[in-house]
Amino acid sequence: MSALEKGTITVEDAKSKGWIDDAWIEKHFEPVEAKSKIYLLDPFDTTYLDGTPASSQLIEGTMCLVFFNSTVDSSIDTLKEISKISEQMKQLGVPVLGIITDHDVDTARASLPELKFPVIVYNEEMEKSFDFYKDLIEDNVVSVFTKDGGIYSAWNSDCSAEGLLDAAEGIANEK
């Protein structure tokens, strides 16, 4: 149950692997409406990298959230690769949203390459909303997929272009 509580695996994934069944789910979880998510985000306000206001409302539908710290080795290279596939992701109906976790956003802004996907700033309000996942987010490039405004997939530290595209195609084909 630890992986489920931490959000590193979805109930659907655990069930498909045979680790749990419906009886186990009924015993350990309260019934919820079918449209409920594994983890809903608390509302937050932040800004895009250029300072334009943004809120948690932009995380709706199906998306790929990419959290990154530009000072971590190879993060810029990873972001460039994600930028190359961002249009394909958008065409699949799974747009990319970057979330920069750098503490010095001004310096990061100056060092980032031009990206083909929007980037918002991970601030204190977002930290509260994603508190459960803070250990996964800090000082890494990690991704997670959303569906209907909630965390839908397990967190992924392999943010390769091929891996993200494969996951996006899988999610797009679920519709």
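User: How many aromatic pairs does the structure hold?

Analyst: This is a predicted model. Ring centres must lie within 6.5 Å for a pair to count. On that basis, the number of aromatic pairs in the structure is 6.

User: Which class, stacked, tilted or edge-to-face, describes the aromatic pair of Phe-67 and Trp-155?

Analyst: The ring centres of Phe-67 and Trp-155 are 5.3 Å apart, with 45 degrees between the planes. Planes under 30 degrees apart count as stacked and those over 60 as edge-to-face, with the rest taken as tilted. The pair of Phe-67 and Trp-155 is therefore tilted.

User: How many residues apart are Phe-67 and Trp-155, the pair that links distant parts of the chain?

Analyst: Phe-67 belongs to strand 4 (residues 63–68). Trp-155 lies in the loop between strand 8 (150–151) and helix 8 (161–174). The separation of Phe-67 and Trp-155 is 88 residues.

User: Are Phe-67 and Trp-155 buried or exposed?

Analyst: A residue is buried when its relative accessible area is under 20%. Phe-67 has a value of 0%, and Trp-155 has 11%. Phe-67 therefore counts as buried, and Trp-155 likewise counts as buried.

User: Why is the pair formed by the rings of Phe-132 and Tyr-133 classed as it is?

Analyst: The centres of the two rings, Phe-132 and Tyr-133, are 5.3 Å apart. Their planes meet at 85 degrees, and an angle over 60 degrees counts as edge-to-face. Because of that angle, the pair of Phe-132 and Tyr-133 is edge-to-face.

User: What is the relative accessibility class of Phe-132, and what is that of Tyr-133?

Analyst: Phe-132 has 45% relative accessibility, whereas Tyr-133 has a relative accessible area of 2%. Values under 20% are buried and values over 50% exposed, with partly exposed in between. Phe-132 is therefore partly exposed, and Tyr-133 is buried.

User: Which residues does Ser-56 touch, not counting residues up to four places away in sequence?

Analyst: Ser-56 is placed in the loop between strand 3 (53–55) and strand 4. With a relative accessible area of 16%, Ser-56 is buried. Beyond four places in sequence, its contacts are Asp-42, Pro-43 and Phe-44.

User: Where is Ile-20 found, and which residues does Ile-20 touch, not counting residues up to four places away in sequence?

Analyst: Ile-20 is in the loop between helix 2 (11–16) and helix 3 (22–28). Its relative accessibility is 11%, so Ile-20 counts as buried. Leaving out residues up to four places away in sequence, Ile-20 touches Leu-4, Val-11, Ala-14, Lys-15 and Ile-25.

User: What is the phi of Ser-74?

Analyst: Ser-74 lies in the loop between strand 4 and helix 4 (75–91). Most residues other than glycine have a negative phi. Ser-74, a residue other than glycine, has a positive phi, near 70 degrees.

User: What radius of gyration does the protein have, with its 175 residues?

Analyst: The protein has 8 helices and 8 strands, and its C-alpha trace spans about 55 × 30 × 25 Å along the principal axes. For 175 residues, a compact globule would have a radius of gyration near 16 Å. The protein agrees with this, at 16 Å.

Notes. Residues are numbered from 1 along each chain as its sequence is written. This is a predicted model: local features need pLDDT of at least 70, side-chain atom pairs count only at pLDDT 80 or more; totals for chains, interfaces and linings use all residues. Side-chain values use heavy atoms; hydrogens and water are left out. Helices (H or I, at least four residues) and strands (E, at least two) are DSSP runs, numbered from the N terminus. The radius of gyration is taken over C-alpha atoms; the globule rule is 2.2 Å times the number of residues to the power 0.38. Buried means under 20% relative accessible area, exposed over 50%, partly exposed in between (1.4 Å probe, protein chains only). Contact means heavy atoms within 4.5 Å.
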